[in-house]
Amino acid sequence: HIRGTTMSFLSNITIANKIYIASGLGVAMVIGMVINQQWTASAIKAGQAVVQREQTILDGITASDKAFVEMKSGVRNIMLAPTVKEVDDELAAVNKSAVTGQNNLKEAIRIALNPEPLQAISTSLGDYATASIKIKDFVKEQRAAQSQDLIALTARRDQYTRPITGKLNENIKAAIENSRKLTADARTALQAIEARSEIVTTTIETVIVVILLLTAFVLRSTVVIPIKLLVAAMHRLSSGDTTRSTDFGPRRDEIGLMCDAVEVFREDAVAKRQLEAESEAGRLRLEEQRHQAQMKAEEDARARLLIATSGLAAGLKRLADGDLTIELREAFSEEFEGLRHDFNQSVRRLGQTMGTILESVSNINNGSTEIASGAGDLSKRTEQQAASLEETSAALDQITVNVSNSAKRTQEA
């Protein structure tokens, strides 16, 4: 559950922000490493300064201790010098060693955190030089008395120098121990600083590696894999497969926006396909309706043709039976209405022609009665009747042609 929540949270972070966060963490780690290195370098420099300072102090103490040894040797030489001049020379050497020792301590006193022991050493060197003068005076007194009592000289030397020597040795020992302790502490601190710096550096490097691994994992899980899935979805969509959704869950990053856009394309493709299917179904329906309408029109046409032909056939039959009063009163369809009118007109003309024939026949009968009245007019009248018969024959031929034409139009309809 926690992992799912974390991945959901990371999925809602934009790719730019992911990069900014990873870069920020990396920069922070680098800055931390630089700060640690600078602090370590500063601490090491400070520790080295302490070591250098204490080394300078030790060098000053060592030089002052060497000068003190030379002063003690010079005091022995004063005690053993056979002449006054040699006593003065040895005293000058003792004073020179004292000054040298004090000069060697000046830098150490200046840089020491606790200069009092060193100052005490310098003061003791001066006190020892002052005691040497007293010893010199005592030796001169012996030389003036032509005496060289070493036991008395040793007792006098011890009287003057032993308190100073003891205090000086204690101060030198304490100063050396203190300086060595500070040096050891500084070296220990340097080792601790180096160890700490190494630990911090190793930790930062480990954190950087972990951040890089986590960044790679997060980018792979929330960017690379979704982009691959999105590319596959777009390939499916381009190939016409709209059955699978591209919904990767609620995401507010760029991947989510692209998924929404692809999903819109998919939905548009589905809607387009549905519209095309509905359009095709509508087209098929219209085609079916058109086909049915065409079939109905053909059936209606056949029915109208049947009505027209049956009516015309009935009329022709009655006409063939000699009924010249026949008339097609029932209206045909519009395209056959002209045929009905032609038939009715032909029948009327036929009736008129037959009336003419009947009139001619009546005239013939009248002429036959007149034959008896005169033979001279018979031939002429016969010719006239023959002419009338020819006209009648022509009229009958015309009627026959009209009837034939009407029958042909009826068949063609």
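Author: We can start with contacts. This is a predicted model, and among contacts in the chain between residues at least 6 apart in sequence, 75% join residues at least 24 apart.

Reader: Okay. How many helices and strands does the chain have?
Author: The chain has eight helices and zero strands. Read along the sequence, the pattern is α-α-α-α-α-α-α-α.

Reader: What is the mean pLDDT of the chain?
Author: The mean pLDDT is 78, and 83% of the residues reach 70 or more.

Reader: And where is confidence lowest, and where highest?
Author: Confidence is lowest in helix α1, residues 2–11, at a mean of 57. The highest value belongs to α3, at 90. Where pLDDT is low, the predicted coordinates should not be read in detail.

Reader: Changing topic. What share of the residues is buried?
Author: Of the 413 residues in the chain, 30% are buried.

Reader: How many residues are in the largest nonpolar core?
Author: The largest nonpolar core has 32 residues. Those with the most contacts inside this core are Ile-61, Met-71, Ile-78, Leu-105, Leu-118 and Ile-121.

Reader: Which elements give two or more residues to this core?
Author: They are α2 (15–80), α3 (84–111), α4 (116–144) and α5 (150–238). The largest share, nine residues, comes from α4.

Reader: Pick Leu-118. What does Leu-118 touch?
Author: Leaving out residues up to four places away in sequence, Leu-118 touches Ile-57, Ile-61, Leu-105, Ala-108, Ile-109, Ala-112 and Ala-175.

Reader: What does the second, separate core include?
Author: That second core has seven residues, among them Ile-326, Leu-328, Val-347 and Leu-350.

Reader: Which residues form the nonpolar patch on the surface?
Author: Ile-227, Val-231, Met-234 and Met-258 form the patch, with about 300 Å² of accessible area together. The largest share of the patch, three residues, comes from α5.

Reader: Where is Val-231, and why does Val-231 count as partly exposed?
Author: Val-231 is in helix α5. Val-231 counts as partly exposed because its relative accessibility is 34%, and the partly exposed class lies between the cut-offs of under 20% for buried and over 50% for exposed.

Conventions:
Residues numbered from 1 in each chain as written. Predicted model: local features only at pLDDT ≥ 70, side-chain atom pairs only at ≥ 80, totals over all residues. Heavy atoms only, no water. Core = buried A, V, L, I, M, F, W, Y, C linked by side-chain atoms within 4.5 Å. Buried < 20%, exposed > 50% of the residue type's maximum accessible area, 1.4 Å probe, protein only. Helix = DSSP H or I, 4+ residues; strand = E, 2+ residues; numbered from the N terminus. Contact = heavy atoms within 4.5 Å. pLDDT = per-residue confidence, 0-100. Patch = residues over 30% accessible without salt bridge, like charges linked within 9 Å, V, L, I, M, F, W, Y side chains within 5 Å. Areas by Shrake-Rupley, 256 points an atom, 1.4 Å probe, with all protein chains shown as cover. Salt bridge = Lys/Arg side-chain N within 4 Å of Asp/Glu carboxyl O.
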